[in-house]
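Hello,

Here is the structure I promised to pass on to you. Have a look at it first, and my notes follow below.

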Amino acid sequence: MSTYLIKELENNRFQIANFEDSAAPEGVYELLYTKTRDYMSCNCRGFRMQKDKSEHKHCKMARFWMSQGKPEGVALWEDGGEYKMNRFVEA
Ligand SMILES: [Zn+2]
C-alpha cells in the first residue's frame with residue numbers, strides 16, 4: 001500500500017513523497033495549485049500521461065490534505081476510494 005507525506009514548500013506549492021515498503025521514498029513530486037482556476041498540477045510522469053487531470057492520484061491526495069487544513073506530520077493513504085490520514089508526529 002502506498003503511503004504519502006505532503007508538505008507545503010511555499011504558498012500553493014507542495015511536495016508529495018510516496019512511500020512503499022522501504023524507508024526511502026519511491027518518488028518525490030511537486031504540486032502546484034492555482035487557486036483562481038482551482039487547478040492542481042503535478043510534475044510526475046503519470047500526470048503528463050493522464051487525460052483527466054482532475055483524477056490524478058497525487059492531486060486528489062493533496063486536495064484531501066488541503067481539505068483537512070494542511071496538517072503537518074501526517075501519513076496519508078487511500079483505501080477503497082476513501083482517503084485516510086494518521087498523525088504520527090506530534091506538532
Ligand atoms: Zn503525480
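Leaving aside its neighbours within four places in sequence, which residues is A62 in contact with? They are I6, F14, I16, L31 and M40, where contact requires C-beta atoms, placed from the backbone, to lie within 7 Å.

Before the rest, two notes on the basis. Residues are numbered from 1 along each chain as its sequence is written. Please keep in mind that this is a predicted model, with local features needing pLDDT of at least 70, side-chain atom pairs counting only at pLDDT 80 or more, and totals for chains, interfaces and linings using all residues.

**The core**

A62 also belongs to the largest nonpolar core, which has 14 residues. A core here is a set of buried Ala, Val, Leu, Ile, Met, Phe, Trp, Tyr and Cys residues joined through C-beta atoms within 7 Å. Buried is 20 or more other C-beta atoms within 10 Å of a residue's own, exposed is 12 or fewer, and partly exposed is in between, with C-beta atoms placed from the backbone. I6, I16, L31, M61 and A62 touch the most other members. Two or more residues each come from β1 (3–10), β2 (13–19), β3 (27–34), β4 (39–42) and α2 (57–67), and α2 gives the largest share, four residues. These elements are DSSP runs numbered from the N terminus: helices are H or I with at least four residues, strands E with at least two.

**Strands and turns**

β2 and β3 pair in the antiparallel sense over six bridges; pairing takes at least two DSSP bridges between two strands. One of the residues involved is R13, whose bridge partner in β3 is L32. L32 is in contact with R13 too, as well as with N12, M40 and S41, again leaving aside neighbours within four places in sequence. With 15 other C-beta atoms within 10 Å, L32 counts as partly exposed.

β3 and β4 are likewise antiparallel, over four bridges, and T34 stands opposite Y39 in β4. The two strands form a hairpin with four residues between them.

Two backbone angles may interest you. In the loop between β3 and β4, D38 has a phi near 50°, a positive value in a residue other than glycine. D38 is exposed, because 9 other C-beta atoms lie within 10 Å. N12, in the loop between β1 and β2, has a positive phi as well, near 65°. N12 is partly exposed, with 13 other C-beta atoms within 10 Å.

Best wishes

Note on methods
Contact = placed C-beta atoms within 7 Å.
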